[in-house]
Amino acid sequence: MSGINYVTKETLDQMREELNFLKTKGRAEIARAIAEAREKGDLKENAEYDAAKEAQGLHEAKLASLESAIATARVVEADSIDTSKVSILCKVTITNMANKKTVTYQLVSEKEADLKLNKISVTSPIGKGLLGKQVGEIADVQAPNGSLRFKIDNITI
């Protein structure tokens, strides 16, 4: 991860809790699995040992990624957001000009993005296309499946 990672205070707290879990209980569980596999004999032909070591590598990579995300995190407070234009943490109501469907998305960081909760990343094609737009403007978005046009109906926090 490079650059600044904008998050809410709640997300930063969740990231710190997950990091603490990974450093304590997560590492202990993996160490226990490696020790159990080691007790089973020859390490050259021990599939359990290989799997435990691979899990350890994945665990450490996730831990490093999370530490990097926390190090580059900047907390954005809701009261500091300008709702005259689309920016991170804004809720944007848009209308698809092709099918006239209206939907409300909240623009969030990659870490917080969850389409089921209508939270899209500011780095996604739609997120990038909406950033900086004002109510009434048309956003032309270049998505993987073609060009889309959205009208900005409302911007809130």
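1. Helices (H or I, at least four residues) and strands (E, at least two) are DSSP runs, numbered from the N terminus. An unreviewed UniProt entry annotates residues 5-75 as "domain: Transcription elongation factor GreA/GreB N-terminal". UniProt positions are given in the numbering used here, with shortened feature names, and annotations may be inferred rather than shown by experiment.

2. The model is predicted: local features need pLDDT of at least 70, side-chain atom pairs count only at pLDDT 80 or more, and totals for chains, interfaces and linings use all residues. Residues are numbered from 1 along each chain as its sequence is written, and side-chain values use heavy atoms, with hydrogens and water left out.

3. Residues 83-156 carry the UniProt feature "domain: Transcription elongation factor GreA/GreB C-terminal", again from an unreviewed entry. This span is 8% helix and 45% strand, with its end C-alpha atoms 6 Å apart.

4. The domain assignment gives domain 1 (5-75) and domain 2 (78-156); such bounds come from an automatic or database assignment. The C-alpha centres of domain 1 and domain 2 are 34 Å apart.

5. How many residues of domain 1 are in contact with domain 2? Eight residues of domain 1 contact five of domain 2, where contact means heavy atoms within 4.5 Å. The two domains bury about 490 Å² between them, 65% of it on carbon and sulfur atoms. Buried area is the accessible area (1.4 Å probe) that two parts lose on being put together, summed over both. On the domain 1 side, Tyr-6, Thr-8 and Thr-11 lose the most area to domain 2, together 58% of what that side buries.

6. Between domain 1 and domain 2 there are zero salt bridges. A salt bridge is a side-chain nitrogen of Lys or Arg within 4 Å of a carboxyl oxygen of Asp or Glu. Strand 1 (5-7) and helix 1 (9-38) are the elements giving two or more residues to the side of domain 1 that touches domain 2.

7. By the salt-bridge rule the count comes to five. One of these joins the side chains of Lys-9 and Asp-13 (3.5 Å, N to O). Both residues lie in helix 1, four residues apart, about one turn of the helix.
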